[in-house]
Amino acid sequence: DVDEYMRTSVPHIYAIGDVTASPALAHVASREGTLAVDHLADRHVQTINYRAVPNCTYSHPEVASGGLTERPAREAGYDVVGGKFPFAALGKAMIVGDTGGFVKIVADKRYDEVLGIHIIGPKATELIAEAALGIKLETTVEEIANTIHAHPTLAEAMLEAAHGVYGEAIHI
């Protein structure tokens, strides 16, 4: 067991990665390591929000997710709304010849907070970085919907899924 600074029950001993209860992902262990070293060196430390961890499956199609899915969000008491946008409707997906899959946003209706983002399709493991940052910063659907996304890109699916939460996806 470790605390939020990765300290074990022995204050000068830290543990990270697979020996802890955190997600067994190399990128999580790397962040835990820098957190532990910063804490040990008495530097400014920002603890880890494990809900914002990007989970990636390197397959075809690629799969990536961060945050909550609908069921756990409902179980946590959120009034869940969602938006989904298919890659098939994106010019860039057509250009790269990979139009399968979608981006799905799970949000809280009351505060418009993004609770989770799930992606299946081309470059999902790259696109999930925007989702992880958004979840970490407690972004709203409106903030994503009003962020300019370059065109033509696969990232436009994130923008359109945000509009889809409100039933206002434009390019479908």
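Where does Lys-123 lie? Lys-123 sits in the loop between β5 and α4, with helices (DSSP runs of H or I, at least four residues) and strands (DSSP runs of E, at least two) numbered from the N terminus.

## Ground rules

This is a predicted model, in which local features need pLDDT of at least 70, side-chain atom pairs count only at pLDDT 80 or more, and totals for chains, interfaces and linings use all residues. Residues are numbered from 1 along each chain as its sequence is written, and side-chain values use heavy atoms, leaving out hydrogens and water.

## The nonpolar cores

A nonpolar core here is a set of buried Ala, Val, Leu, Ile, Met, Phe, Trp, Tyr and Cys residues joined through side-chain atoms within 4.5 Å. Buried means under 20% relative accessible area, exposed over 50%, and partly exposed in between (1.4 Å probe, protein chains only). The largest core has 27 residues, and Phe-87, Val-103, Ile-105, Ile-117 and Ile-119 touch the most other members. At least two residues of this core come from each of β4 (102-108), β5 (114-120), α4 (124-136), α5 (141-145) and α6 (156-165). Apart from it there's another core, of 5 residues, including Leu-68, Ala-73, Val-106 and Leu-115.

Take Ile-117 for a closer look. Leaving aside residues up to four places away in sequence, Ile-117 touches, among others, Val-103, Ile-105, Ile-128, Ala-131, Ile-135, Ile-144 and Met-158; contact means heavy atoms within 4.5 Å.

Among the buried residues of α4 are Ala-124, Leu-127, Ile-128, Ala-131 and Ile-135. The buried residues of this helix pack against β1 (55-57), β2 (63-67), β5 and α6.

Now for the flanks. Lys-123 has a positive phi, near 60°, despite being a residue other than glycine, and is partly exposed at 49% relative accessible area. Glu-138 follows α4 and is found in the loop between α4 and α5. Its phi is positive too, near 55°, again in a residue other than glycine, and at 55% relative accessibility Glu-138 counts as exposed.

## Cis peptide bonds

His-60 and Pro-61 are joined by a cis peptide bond, with omega about 5°, and Pro-61 is in the loop between β1 and β2. The bond from His-151 to Pro-152 is cis as well, with omega near 0°. Pro-152 lies in the loop between α5 and α6.
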